[in-house]
Amino acid sequence: MRFKGITLGCIAIVAMLSFAAIAAADDVADLQAQLKSLQARIDNMETAKMDKVQKEEMAKMMKDILDDAKMQPAMPKWMENLTFYGDLRLRYEMNHHSGRPVGMVPGGSEGKYTNRARFRLRFGITKTWWDQQMEVGFRLASDQGNYADGNENHGLVGYRANSADVTFGQGFNKKYIGIDLAYAKYQPKWAKGLTFLAGKVLNPLRTKTYITWDEDVNPEGFAVDYVAPFFGDNFKPYAQFGYWIVGSDQLSIEGTRRDTTVWTMSTGFDWKINDDMAAFLGATWYQWENYPEAPGNGISGSNLYGFWGTNSGVNMGMLELTSKFSWKLFNLPWQAWATWVHNCKDTYNESHVSSYYYDRHFKDQNDAFAIGVKVGENKKKGDWSVNTSYYWVQGESVPWFTTDSSYGGPNAKGIKLGGKYNIDDFLTIGGTLYVYEPIEGGSWGSTPYGFAPGYNRDNTVTLQIDAIWKF
């Protein structure tokens with residue numbers, strides 16, 4: 001009976017492993033029935049000598065049970081098509097300001113040199129239904145979490161939205177987490193190429209670059225996107241319409257509170273010329289409504305802390321044109337790109353701002369452009385890329401609170417250099433160097449209001465070293 005004891009022990013172990021693997025499944029009862037039947041057969045063979053054929057039959061039955069267990073779902077049905085993702089970025093940043101005296105900034109503590117370590121953590125979940133037609137998702141991200149008036153809904157003096165970085169320090173205190181994405185996306189199969197978006201979404205604009213949008217800024221509102229399928233896979237024209245809510249109940253006009261909003265209308269095309277060449281051309285119109293009351297920060301004389309001289313007569317209507325051309329050379333992917341932005345509704349004049357700012361020649365500073373080249377890509381272990389670009393962003397051309405603030409924001413011109421290397425498929429290291437100066441400078445020092453915002457008054461060098469882990 002020793003063989004029987006060993007056999008029963010094996011069966012018990014197999015049973016426990018099987019039950020552990022399918023604890024959340026609906027078919028546990030079926031597996032129990034199989035085990036009960038197997039036990040009955042063992043009892044029937046108790047007095048018989050087990051020959052080679054019977055042993056093989058027993059082994060086959062145990063294998064069948066294990067195979068059945070593997071086929072059972074390991075998670076409840078509501079977790080099907082559920083995807084978890086995220087990334088962690090560790091950053092060291094150094095800033096050198098060549099135009100200010102060491103340790104002297106009126107109204108502030110920033111010196112000639114600043115150094116800081118920072119991190120950005122993001123993690124989220126997506127879920128799909130209806131044969132992949134509907135997707136909902138959310139993402140949480142690290143947040144500076146500090147609002148000067150203690151009211152995050154006020155929106156006028158809070159920290160900017162164009163950064164999810166948190167700086168090390170502040171006495172080892174706990175860091176904040178904010179809602180970074182919360183959206184629904186519907187792509188019906190009955191209308192190929194059509195997409196509906198709603199919520200706080202990843203920026204869907206194809207024409208965006210770092211001079212108009214930081215990657216951490218996710219607009220809130222609604223969008224409809226259509227890619228025409230009639231020209232095959234090589235030529236894809238598109239049209240997009242978006243309505244984005246920037247500030248709620250911000251501006252009072254004749255006793256009615258108005259929202260600050262922006263309408264976006266975009267069109268263009270992606271063209272795969274051949275296996276080695278592709279092109280993109282797109283245009284976006286931004287129609288800002290009640291913009292002077294928009295939350296966010298800005299430079300003196302250009303959307304200062306969300307205001308343009310606190311005068312409702314100032315507004316924005318931006319035209320953005322972006323082109324890209326990709327090709328292969330020396331068995332490497334290359335891309336050249338260019339973008340131009342013009343504020344077509346610039347109404348800056350002496351009645352809107354103080355003469356101090358007007359005298360600093362911010363009038364008619366309503367254009368921005370950038371050109372760049374990138375070589376390489378970052379998809380898997382061993383991949384690398386380098387890029388360089390030149391930019392010129394005048395003070396009234398773009399809103400401050402949406403741009404990548406690392407390059408200096410509005411009223412800055414300079415160069416950007418970067419590189420990245422894949423240590424493995426999920427971990428990269430790299431760096432970015434910005435060298436910029438103000439377009440309209442003047443004295444960096446005092447202001448007529450007794451404080452100095454400190455934006456774009458110096459020739460500045462910014463170096464960022466990043467390690468990014470994606471999961």
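**View 1. Lining of the second largest cavity.** Thr212, Trp213, Tyr286, Trp288, Met318, Val398, Pro399 and Thr402 line the second largest cavity of this predicted model. A cavity is a set of points, on a 1 Å grid over the protein atoms alone, where a 1.4 Å probe fits but cannot get out; lining residues have an atom within 4 Å of a point. The volume is about 40 Å³. Volume here is the space filled by probe spheres set on the points, with grid points joined across faces, edges and corners. The count comes to 3 cavities of 30 Å³ or more. By class, this lining has 6 nonpolar, 2 polar and no charged residues. Ala, Val, Leu, Ile, Met, Phe, Trp, Tyr, Cys and Pro count as nonpolar, Asp, Glu, Lys and Arg as charged, and the others, Gly among them, as polar.

Residues are numbered from 1 along each chain as its sequence is written. In this predicted model, local features need pLDDT of at least 70, side-chain atom pairs count only at pLDDT 80 or more, and totals for chains, interfaces and linings use all residues; side-chain values use heavy atoms, with hydrogens and water left out.

**View 2. The largest nonpolar core.** This core has 28 residues. Ile211, Tyr286, Trp288, Met318, Tyr391, Val393 and Tyr407 have the most contacts inside it. At least two core residues come from each of β5 (176-186), β10 (277-289), β12 (332-343), β13 (367-376), β14 (384-393) and β16 (427-438). A nonpolar core is a set of buried Ala, Val, Leu, Ile, Met, Phe, Trp, Tyr and Cys residues joined through side-chain atoms within 4.5 Å. Buried means under 20% relative accessible area, exposed over 50%, partly exposed in between (1.4 Å probe, protein chains only). Strands (E, at least two residues) are DSSP runs, numbered from the N terminus.

**View 3. Strand β2 and its partners.** β2 (residues 113-129) pairs antiparallel with β1 (residues 82-97) over 15 bridges. Strands pair if DSSP finds at least two bridges between them. Arg89 has Arg120 in β2 as its bridge partner. β2 also runs antiparallel to β3 (residues 134-143), with 8 bridges. Here Gly124 partners Arg139 of β3. β2 and β3 form a hairpin with 4 residues between them. In the turn, Trp130 has a positive phi of about 50°. A further 2 bridges join β2 to antiparallel β4 (residues 166-167). Arg118 stands opposite Thr167 in β4.

**View 4. Surroundings of Thr432.** Thr432 lies in strand β16. Its relative accessibility is 15%, so Thr432 counts as buried. Thr432 touches Lys416, Leu417, Gly418, Thr462, Leu463 and Gln464, not counting residues up to four places away in sequence. Contact means heavy atoms within 4.5 Å.

Notes:
1 Å grid on protein atoms, 1.4 Å probe; cavity = no way out; pocket = protein on both sides within 12 Å on 5 of 7 lines; lining within 4 Å.
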